[in-house]
Amino acid sequence: MTTDRFEDLLRSTLKAETEAAADRIADLEDRVILEIEERSPKLLWHEWLRQLLAPTTGSRIGQLLVVGATAAVFLFVGMGISSNLLRNNASPRLSLQPVRAADGTQEVLFVLPAMDAENVAVVGSFNSWEETQLSDQDGDGIWTASIPLSPGRYEYAFLIDGRWWGQDPLADEYVQSFGEFSSVRYIGRGGDEV
Amino acid sequence: MIRHRQLLVGFALVLLLGLAVTAEIPLHEFEQALHGIPVNDIDAMLGAIELGFGQPDFPAEQLLRLIDRLAGRPAPAIEKEAVLRVITHAIEEGLPIEGMVDKAFEGLARSVPMAQLENGLQQLHILLAEIRDLLYSRGIFSAGPGAQSTAINALPIERFNLLVLHISEAIDSYLSGGGSPFESQLLFEEVHERLTQLQGVILDPMDVELVFERINPSDLTQVALTAVS
């Protein structure tokens, strides 16, 4: 009996206390969140990135997934932009890969770095060993020429300000002729059957 | 109506004839170019060139350009004629001269002395003749121009000439690079590499296979020794 009265007294006291503190408890959650936000330091983007990439005891795989997904998004967007750019400015001179025409002829790129040269030409079995000029329009010392060639084997050499240069780094092989080196390119390998 | 059709056919024939004439370089252009060297035995040379017109893949335009370039070269006429004579002899023998003409262009571009150019062409000429004879002796023949081959070893002349040309040029490159004719295996590998690179590109893989079935390293050594001796 005594116990029952004690419980009733305790319950009524707690209820009275709770009702008295109701106004203070009502917005407690919002106030805690606000307090945390105010006390948290504001991170710059590079600090945020560093924190994201910092090793932790937590989920490293999760972080990597986030970074990977971000990279994938950037890659996807970049590929979209670049494909549009290339479509608008397509030129065989930009590529080392020969561009094959319907008759088997390919635009073959000849490239030679010659920093201080004033004139660079290529001579070979494709032009009866008569000079075809290379150009360096942006003046970066990289000279190029694109020449249409049908499938076959071609020997050639560069002429740098009149001096012969027979060893093209892009050649398939080198041969000696009249005591001098020439470069060789095979065009159309792995192509159509004869 | 019939008269109208005859007129059309006649017009087409005239057009075709005109195209055929303009496609071929007239002999008198060669005669004019040869006068520019000038050569002594012009008739013999013109006769050889005329013979070449009947051969498949005859590089008439390149040959005319070569004669013009030789004419413009400051060298004794007799030396220039000697260079040209090596090529006209090859034409008379029915050999493919494309490689010789190209080698001559290269020699002129590199300003090599005429005697050295003549020797270089002579070596290639011998190789062409020897390789053709070697193929014949191993039962690999050429059918006439435009003929359909009826046997695996009777190749259309265009394909046969390509084999002769590239085997000869590979040996020529090997020798010019200081290779020894006695190194049979190395010599054979040089030829093997060249034909393998070109099979399926400009050489028929079956032709290449036929060559390697019937020719061995010692055959090539014999050919190379003939060319350098």
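Trp129(A) sits in the loop between strand S3 (120-124) and strand S4 (132-133) of chain A; strands here are DSSP runs of E with at least two residues, helices are runs of H or I with at least four, and both are numbered from the N terminus. This is a predicted model, where local features need pLDDT of at least 70, side-chain atom pairs count only at pLDDT 80 or more, and totals for chains, interfaces and linings use all residues. Residues are numbered from 1 along each chain as its sequence is written, while chains are lettered from A and ligands numbered from 1 in the order in which they are written.

Back to the loops. Phe178(A) is found between strand S8 (173-177) and strand S9 (180-187) of chain A.

| Residue | Phi |
|---|---|
| Trp129(A), not a glycine | about 60° |
| Phe178(A), not a glycine | about 50° |

Trp129(A) counts as buried because it has 23 C-beta neighbours inside 10 Å. Phe178(A), with 18 other C-beta atoms within 10 Å, is partly exposed. The cut-offs: 20 or more other C-beta atoms within 10 Å is buried, 12 or fewer is exposed, and partly exposed is in between, with C-beta atoms placed from the backbone.

Chain B has a cis peptide bond, joining Ile37(B) and Pro38(B) with omega at about -15°. Pro38(B) belongs to the loop between H2 and helix H3 (42-53) of chain B.

Now for H2 itself. The axes of helix H2 (residues 27-35) and helix H4 (residues 60-71), both of chain B, come within 8 Å and cross at roughly 20°, which makes the pair roughly parallel (angles under 35 degrees count as such). On the H2(B) side, the contact uses Glu29(B), Phe30(B), Ala33(B) and Leu34(B); H4(B) brings Leu64(B), Ile67(B), Asp68(B) and Ala71(B). Contact requires C-beta atoms, placed from the backbone, to lie within 7 Å.

Since 17 of its 20 residues are buried, H8(B) is largely enclosed by the rest of the structure.

Finally, the interface: 21 residues from chain B meet 18 residues from chain A. H6(B) gives the most to the chain B side, with 5 residues.

Methods:
Axes fitted to C-alpha atoms, helices over the stretch in contact; angles between N-to-C directions. Parallel < 35°, antiparallel > 145°, perpendicular 65-115°, else oblique. Contact = placed C-beta atoms within 7 Å.
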